[in-house]
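Good morning, and thank you for making the time.

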Amino acid sequence: MSESATPYPYSPGLEGVPAGVSQISEIDSDRSSLQYRGYDVHDLAEHGSFEETAFLLLHGHLPNQHELTDFNNRLGTEREVPDAVYTALQALPPTTHPMDSIRTAFSVLAAFDPDYTEPATNHEANLRKAERIVAKAGTMVANGHRIRQGLNPIKPNPEHTTSENFLHLMTGTAPDPKTAHLLDASLTLYAEHGFNASTFANRVTVSTLSDLYSGIVTGIGTLRGPLHGGANEEAMRMLLEIGEPSNAQAWIDDALETKKKIMGFGHREYKKGDSRAMYLTKIAKALGIEKGNTKFGEIADILEDTMRERKNIFPNVDFPASYAYYLLDIPIDLYTPIFVVARVSGYCAHAIEQLSNNRLIRPKAIFDGPANLTYVPLADRA
Ligand code: CMC
């Protein structure tokens with residue numbers, strides 16, 4: 001339906017429509033910048049840790065050393081999950097996508113939270129739940145990966161950071177510090193992004209006074225799609241399909257000619273480039289040089305130049321994340337679940353913000369169907 005045909009202001013996909021007030025992050029489309037609670041994400045990724053960012057998002061300020069140590073200790077002691085979560089994951093078919101596994105894992109986990117019966121508006125209980133959610137997400141994704149391979153889950157080491165814990169459980173070996181550091185920076189970049197589709201869906205859910213876990217499950221289900229978080233996996237499959245830099249120009253020419261969507265490019269909010277992609281591209285390309293595998297960076301250059309020149313469209317965070325994760329030997333179908341490991345911190349911050357000043361989110365539909373039809377009894381219908 002066209003805008004002019006409705007009596008209301010209407011923007012398909014809610015493009016450009018403010019849908020609420022938030023103090024958590026600010027996207028500046030003109031400057032291609034992103035700030036979490038006033039801090040530029042580049043600074044947080046460069047100088048801080050994912051845990052500092054998670055604390056900032058949940059508690060509203062950057063932690064001092066004492067607060068960060070306490071927070072890390074709390075996360076460390078909360079990394080383990082009940083056996084019932086693993087039993088549920090073991091019951092899933094081995095073909096289950098890890099995004100469906102992590103969505104299921106959070107559904108099971110909810111009932112075991114010690115604050116399960118607390119009202120949705122209990123702020124202190126919500127903060128405790130949020131820390132447990134952040135602590136356990138990586139454990140469930142990485143041990144879910146083990147279960148899918150027929151391996152047993154591993155006990156988390158409480159001394160490990162979020163990225164070290166993830167790598168330890170995924171590989172079954174001591175985490176490589178450099179890999180953990182790069183993964184950590186990507187978690188910071190993925191942690192939060194305003195009213196993106198999955199965060200907004202999460203806020204809609206908790207606005208009914210449902211609980212944080214229901215918001216997380218909603219968010220994961222929404223993030224899964226290829227127009228959102230699922231793009232990082234699709235982008236890597238595209239790079240593998242292209243295969244070599246010498247194939248890239250013909251591939252992108254054909255893709256544009258046949259009006260294909262190029263995964264990992266474009267963004268609703270950034271029309272001059274995604275700040276997170278700019279940062280991660282440098283990391284991914286440097287990693288390629290270090291690993292002696294520059295072909296994805298070279299293919300990326302050709303796709304980026306062509307998309308910019310012909311469509312004025314830039315890569316988003318999912319594009320460099322895809323080949324960075326590939327170069328770190330992370331299986332492709334864990335890329336979007338890693339996004340979950342980071343983004344649950346943003347989901348929880350938004351759920352808590354929504355619940356601290358709640359109004360049910362309930363927009364209006366513009367009805368565009370038949371009306372006032374005569375009911376014909378079933379026996380008389382043709
Ligand atoms: N490849 C080719 N053309 C594109 C692309 C792309 N990736 N993105 C946008 N366009 C074109 C689109 O075809 C349209 O052209 P036209 O006006 O000629 O029909 C124009 O640009 C506007 O696109 P749109 O789809 O109306 O823009 P949107 O704001 O609704 O979409 C988007 C944003 C992210 C859904 C879209 O850019 C897209 O589908 N990108 C590929 C999937 C992707 O990478 N998603 C990750 C998003 S960022 C991180 C995250 O949230 O996970």
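**Strand pairings and a helix contact**

The model is a predicted one, in which local features need pLDDT of at least 70 and side-chain atom pairs count only at pLDDT 80 or more, while totals for chains, interfaces and linings use all residues. Residues are numbered from 1 along each chain as its sequence is written, and side-chain values use heavy atoms, with hydrogens and water left out.

Strands here are DSSP runs of E, at least two residues long, and helices are runs of H or I of at least four, both numbered from the N terminus. Two strands pair if DSSP finds at least two bridges between them. Strand 2 and strand 3 (residues 39-40) run antiparallel, joined by two bridges. They form a hairpin with two residues between them, and R37 in that turn has a positive phi of about 45°.

I27 is placed opposite L34. Four residues lie between these two strands in their hairpin, where S32 in the turn shows a positive phi of about 50°.

I turn now to the helices. How do the axes of helix 14 and helix 15 cross? Helix 14 (residues 295-311) and helix 15 (residues 318-327) have axes that come within 11 Å and cross at roughly 170°. The axes are lines fitted to C-alpha atoms over the stretch in contact, with angles from 0 to 180 degrees between N-to-C directions. The two helices are therefore roughly antiparallel, a label for angles over 145 degrees.

Conventions:
Angles under 35 degrees count as roughly parallel, over 145 as roughly antiparallel, 65 to 115 as roughly perpendicular and the rest as oblique.
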